Amino acid sequence: MNNDDRSQVLLRRRSFLRSALVAAALPLLPARAEQGSLRVGLTPVFLDDQMSFLTRWRTWLERRLQRSVVFFQRGSYREVMDLIRGGKLDFAWICGYPYVRYRNELRLVAVPVWRGRPYYQSYLIVPADDRKTGSLAELRGKVFAYSDPDSNSGFLYPQFRLASLGENPATFFSRSFFTWAHRKVVEAVGVGLADGGAVDGYVWDTLAEFHPDLTKATRVIERSPDFGHTPFVARHDIPAAEMQQLRRALLDMPADPEGAQLLRLLSLDGFVAGQPALFDGIARMAKRVGKV
Amino acid sequence: MIALDDLSLRWKIPLRVMVAVLGTALAVTAALVTREYDEMRQNLESHAKSLARVLANTLVSPVLHDDIWRAYEILQSARDPAAIAPELQADVVMVTDAEFRVFVSSRPRDFPIGASPSRQGGDYARLRAALMDGKPTEQRVIEPADSVHYFVMSPLVADGVALGHVILGYSKISFVPRFIGLVGRAAVVTLLVLLLILPVSWYFARKTGEPLLALADAMRQVPGELGSARLPDLPHSRDEIGQLGDAFRRMVGELREKQELEEQMIASQRLAAVGRLSAGIAHEINNPLGGMLTAITTYRRHGNGDPLALETFSLLERGLDQIRNTVAALLVETKAKDRAFAPTDIDDLLILVDAEAGARAVTLQVAGRPQAPLPLPATLLRQIVLNLLLNAVAAADRGGKVRVGFEAKNGLLRLSVCNDGAHIPDAQMAHLFEPFASSREKGHGLGLWVVYQIVKQLNGGLTVDSEPGNTTFRIEIPYDQA
């Protein structure tokens, strides 16, 4: 019995170590890019732990574009932003907030269409067992979970809301922390680690569809006005043909059977070319909060 | 307890052995369970310590960077929701800062960020007191008194500065199912062992008690049923019980001898009384008898010869003669002068008995015929042997055998007469030598009485052994060798 216990302890410790190491090492893994590949950066906006989906999507893109495609995944928006601003990525799927901050250095390729419109909202959520809290203002002195300091829905919007309530966002909550992914904000609020959180409404609704167990543990108390959905952008010096090629591919997705299936997995209707003005709302908020 | 004391050894010994076996089994089981429990505790403790150490090392960076979510994820990855050994699962894992406020915990609802675990009260309040007591940079196991929890604390140290603690809280209650399982398994093993051992122990315990029981059974028959005491059943071993059995056998043997002696003594006292009585009667009868016979003789010699009277006197004389013979037989008297018993007397005796023996086809055998005369009165000895021989021939089966044995040595004549007929019943044996005690229709029943009287007068002894197919009369008479 002794030995069994001990081996089990070792096993469990090993698996624990492994997961700890993986968490620490992920952002450091070198990207294996071939010469001439299309380099696409992905943020943890929504795609998390969906390797099989990404493989399918990449294969589909490669077929459409007739060239190899490499996805770059990073743990935070900032890292992806640094890469594309430094010209190390050709394209990236990012959030509206970093887009408005670096609008001059990026070119808008496409905007997702969700429920028929290129918009989404930020949701303010609290644990489902908290039946009292009805607004952000009631979370004073509580613990709050943001997704990413460069996220619109998961950071900028709640900051803006607090500022417009006349509160100092830095001191309003007793503690706040970042989970670096929207899905994890839902988890953090669901288990009660945070008393409230800000999450991408599109992610919350998609999770409600595929992982209702996660969203059931939370309750949405506030929905923001519409914001331009997470844009697909290109580095500013991207050749026009390449940009057109990718935009075409994205816009054509609903027409293609495999593309349509991939869109269904993303819960999206498709992509539109979109106008930078879509994100003016975000830009105004950023200005108000003083982060531009 | 009196009822227990009175219980037969048949049950007492096995029951005591059972109690001893059960007690041993229980003690061994308890010892094993205690040992297992200790091991389980140690196991858990070492597991918890190493887990706490690993967590403390891993959590330094998230704590330094204030990355609550990363810290939470690390705590979660340390949990195994489908653990095989649930008691190895910490009830709560928490990271506290230097002021003992929760940085993050695996149960955020109970231990929310920024709150003090003492808020939970009880064990956690005492935990804080215990934490504050010791050195903040040392790993410790803290078990507050009367606590249902115990804690393993590992310090979070960066550059020698204690940032806070990683605290693993274990509920002792989660031990209970495992402990019950442990006790259950031990009980099953003990029961199996008992199933094997108990019947064997019972058998040996019964075996140990059996000789004692046999002894007790035999003792219950003493002194009432000495004859039927089952001595062969007694233990024959050399241990204490065997010695007791031997002693008991000796005791019964001596008791039997004593009983026989008493019976013999009573018989000879009775015979002596009968002898005195018959001697007295014989004297009282002999005196008038002599007068009457003399009177008849005188009348014959000097009477008038009346034929009726003569006939009457003749009838009287025959009757009186018969009385005299009977009285003479009752009152055996040694004649002062008699010749010595010679070997030829034996031939005479055989001739005398021969007719009777021939009639019943009984074979006579003589052993140890004396070569020289013995200085014993021939008439009396002849009467003894004749009476015994006649009895023996009569008692022998048709076509059977009668043996006469003589042995004269060291001034003692040993005489034995033996027949192979039916044995003498016990009831008759007690009165064998008394006058008129004969069971036979023939004879007056004075034969053995006469033998007895003569042997007594010759200062001899007489014994009878009778069993089916062999009845032996033995007589010993001392004689003067000079």
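Predicted model: local features only at pLDDT ≥ 70, side-chain atom pairs only at ≥ 80, totals over all residues.
User: Which other strand is joined to E1(A), and by how many bridges?

Analyst: Strand E2 (residues 69-73) of chain A is joined to E1(A) by five bridges, again against a requirement of at least two. E1(A) and E2(A) run parallel. Within this pairing, A:Leu42 has A:Gln73 as its bridge partner.

User: Why is strand E1 of chain A described as largely enclosed?

Analyst: Five of the five residues of the strand, which covers residues 38-42, are buried, so the rest of the structure largely encloses it. A residue counts as buried when 20 or more other C-beta atoms lie within 10 Å of its own.

User: How do you know what covers the faces of E1(A)?

Analyst: In a regular strand the side chains alternate between the two faces of the sheet. A:Leu38, A:Val40 and A:Leu42 lie on one side of E1(A), and A:Arg39 and A:Gly41 on the other. These residues are all buried, and both faces are covered.

User: What is the burial of chain A as a whole?

Analyst: Of its 292 residues, 45% count as buried. Chain A comprises 12 helices and 13 strands.

User: How do you know how far apart in sequence the contacting residues of chain A are?

Analyst: Among the contacts between residues at least 6 apart in sequence, 80% join residues at least 24 apart.

User: What span would a straight helix of 13 residues have, and what is the span of H5(A)?

Analyst: At 1.5 Å a residue, a straight helix of 13 residues would span 18 Å. Helix H5 (residues 152-164) of chain A spans only 16 Å between its end C-alpha atoms. Just after H5(A), A:Gly166 takes a positive phi of about 85°.

User: What makes H5(A) mostly covered?

Analyst: Of its 13 residues, 11 are buried. Among them are A:Phe155, A:Leu156, A:Tyr157 and A:Phe160, together with A:Gln159 and A:Arg161.

User: Which residues touch the most other members of the largest nonpolar core?

Analyst: That core has 114 residues, and A:Val233, B:Ala71 and B:Leu168 touch the most other members. Its largest share, nine residues, comes from helix H2 (residues 9-64) of chain B. A second, separate core of 38 residues includes B:Val362, B:Leu388, B:Leu458 and B:Ile477.

User: Which residues does B:Leu168 touch?

Analyst: Leaving aside residues up to four places away in sequence, B:Leu168 touches B:Ala48, B:Leu51, B:Ala52, B:Ala90, B:Val93, B:Phe151 and B:Val152. B:Leu168 is also the bridge partner of B:Val93 in E5(B). The strands concerned, E1 (residues 92-97) and E5 (residues 161-171) of chain B, pair in the antiparallel sense over six bridges.

User: Why are strands E2 and E3 of chain B placed at the edges of their sheet?

Analyst: The open sheet has five strands in the order E2-E1-E5-E4-E3 (chain B), with antiparallel pairing. Strand E2 (102-105) and strand E3 (140-142) each have a single partner strand, so one side of each has no neighbour in the sheet. The twist from one strand to the next averages 25°.

User: What packs on this sheet?

Analyst: H2(B) does, touching E1, E2, E3, strand E4 (149-158) and E5 of chain B, with its direction at about 35° to that of E4(B). Helix H3 (residues 68-77) of chain B lies across E1 and E2 of chain B and runs at about 45° to E2(B).

Methods:
Residues numbered from 1 in each chain as written. Chains lettered and ligands numbered in written order. Buried ≥ 20, exposed ≤ 12 C-beta atoms within 10 Å, placed from the backbone. Helix = DSSP H or I, 4+ residues; strand = E, 2+ residues; numbered from the N terminus. Expected span 1.5 Å × (residues − 1). Contact = placed C-beta atoms within 7 Å. Core = buried A, V, L, I, M, F, W, Y, C linked by C-beta atoms within 7 Å. Axes fitted to C-alpha atoms, helices over the stretch in contact; angles between N-to-C directions.
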